[in-house]
Amino acid sequence: MRSRLLAPVFAALLAAAATGCRPPEILPPYAAGQAPKPDELLGTAAPKISALQVPVAKIRIGRAPSGNLMFLAQKPGRFSGQIQIAGHEFVSLAFNERGYTLRNVAADNLPTGFFAGPPADCAIQRLLGVPFATQELVSLVLGGAPVLAPPYEVVSQSWDARHGHEVLRLRAPGYEQELRFAHVDGVWWPAGGTLWQRRSDGQLARMWSLLHEELHPVDGTVLPRRTRLAGPSTRRQDLVIITYGAQTVDPDLGDSAAAQANEDDAGWEDEDTAAAPSEGEGDAPEAPAPADTPPAPNPSQPPAQPEPSIPPQFTLDGAGLAPRGELCR
C-alpha cells in the first residue's frame, strides 16, 4: 500500500526535475500574426560588411587539438587564412577570383607541399571537410548565411522557441534549405542554415550546416562570437568550431587600384622626354602610315574595363615547400 502511494510522488518529482533541466522557451519578438515577411528575412541574409580581419581565433576540427586561426576575407570571393599549432604554420589557404593557393606544412589529410590552380571549391572541402563554394565560405565568415540560388519557393516559416530563431524553409529543384534568423537590438540577422540535396530516391542528404552563436554588435554590424560548421557527416569528429577573438570590420587592404595605376604610368616619363627630332628633318611631323592609324571608337560598345587588381594578401607563395601542382585534379 505504501509503495503504491509513493509511486505518484516519485513520478511527480521526476517530472519536475526533467522540467527544471529544460531551458526556458524564448518568446518571439513580435505579436501573434505579426511575424516578419520572408522577403524581409531573406534581405538580411547577405553580410552587411565588405571585409573582415580576424587576427585571433581558435579552431577545432573534430576531436583534434584546437589550433590558432587568423584570416582575412573580402566579398564576394576573396579569402586568406592560416591555422597554426603551437605557434607554427600548420596549413594556409588563399583564394580569389583568379584561383587558389594552398600551403600544407603538417595537415595529414593531403600531401605536404604547395598547391595552386584555377578557381575551384575542392580546396575548401579538403581543408575543412565541408563542401562550401568559395563565395559561400566568404559570406558566412563575414557574418552572413548562403542562400539557395533562385528560383525557389518558401515552403514554411516558424518560430524556434529553443534557440530564439525565426526559421524559413526553402525548396528549389533538387535542393532544400533551412535558414535561421535572430533578432538583435530590434533588427533581424542571419544565424545559420542547413542545405540538403534531394537524392534520386527522394530522400534529403545534408550537404552542410552552420550556426552562428552569441551574436553581438561590432562596429555598426552584428557578428558571432562562435560559428559551428558541419558537412555531410553527422559524426562529431567532423564538426568544425571557430571561436573568434578580435574582429576588425572593413580593414584597410591598401589602395591596390592606385598602386596599379602607378605601375602603368611608369613608362610615360620615357615617352615625354624622348629626343626631339634634329634640325633639318622638317617642322611638320611625318604622316602615319595607314596601318598605324588607330581604329575609330565604336560608340555602341562601352570601353573595356581594366581587370581589378587583387590585393597581395589573397595570394600565397610556395617558399620552403615542394610544388605539388593542382589539388583539384
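**Disulfide.** I count a disulfide when a pair of cysteine sulfur atoms lies within 2.5 Å. This is a predicted model, so I keep to pLDDT of at least 70 for local features and 80 or more for side-chain atom pairs, while totals for chains, interfaces and linings use all residues. Residues are numbered from 1 along each chain as its sequence is written, and side-chain values use heavy atoms, with hydrogens and water left out.

I found 1 disulfide in the structure. It joins Cys 122 to Cys 328, with S to S at 1.7 Å. The torsion about the S-S bond of this pair is about -100°, so I note the disulfide as left-handed. The two cysteines sit 206 residues apart and link distant parts of the chain: Cys 122 belongs to helix 3 (residues 122-128), and Cys 328 to the segment after strand 17 (323-325). My helices (H or I, at least four residues) and strands (E, at least two) are DSSP runs, numbered from the N terminus.

Next I checked accessibility, calling a residue buried under 20% relative accessible area, exposed over 50% and partly exposed in between (1.4 Å probe, protein chains only). Cys 122 is partly exposed at 25%, and Cys 328 is also partly exposed, at 24%.

**Helix 4.** How many residues of helix 4 are buried? I get 6 of the 8 in residues 134-141, so the helix is largely enclosed by the rest of the structure. Among the buried ones are Thr 134, Leu 137 and Ser 139. Just after the helix, Gly 143 has a positive phi of about 95°.

**Cores.** I define a nonpolar core as buried Ala, Val, Leu, Ile, Met, Phe, Trp, Tyr and Cys residues joined through side-chain atoms within 4.5 Å. The largest one has 51 residues, and Leu 137 is one of those touching the most other members, as are Phe 95 and Phe 132. Leaving out residues up to four places away in sequence, I see Leu 137 in contact (heavy atoms within 4.5 Å) with Phe 95, Ile 124, Leu 128 and Phe 132. A second, separate core of 6 residues includes Trp 189 and Leu 215.

**Strand 10.** Here 9 of the 12 residues (187-198) are buried. I call two strands paired if DSSP finds at least two bridges between them. Strand 9 (residues 175-184) pairs antiparallel with strand 10 over 10 bridges, and Glu 178 is bridged to Thr 194. Strand 11 (residues 204-213) also runs antiparallel to strand 10, joined by 7 bridges, with Leu 195 opposite Trp 208.
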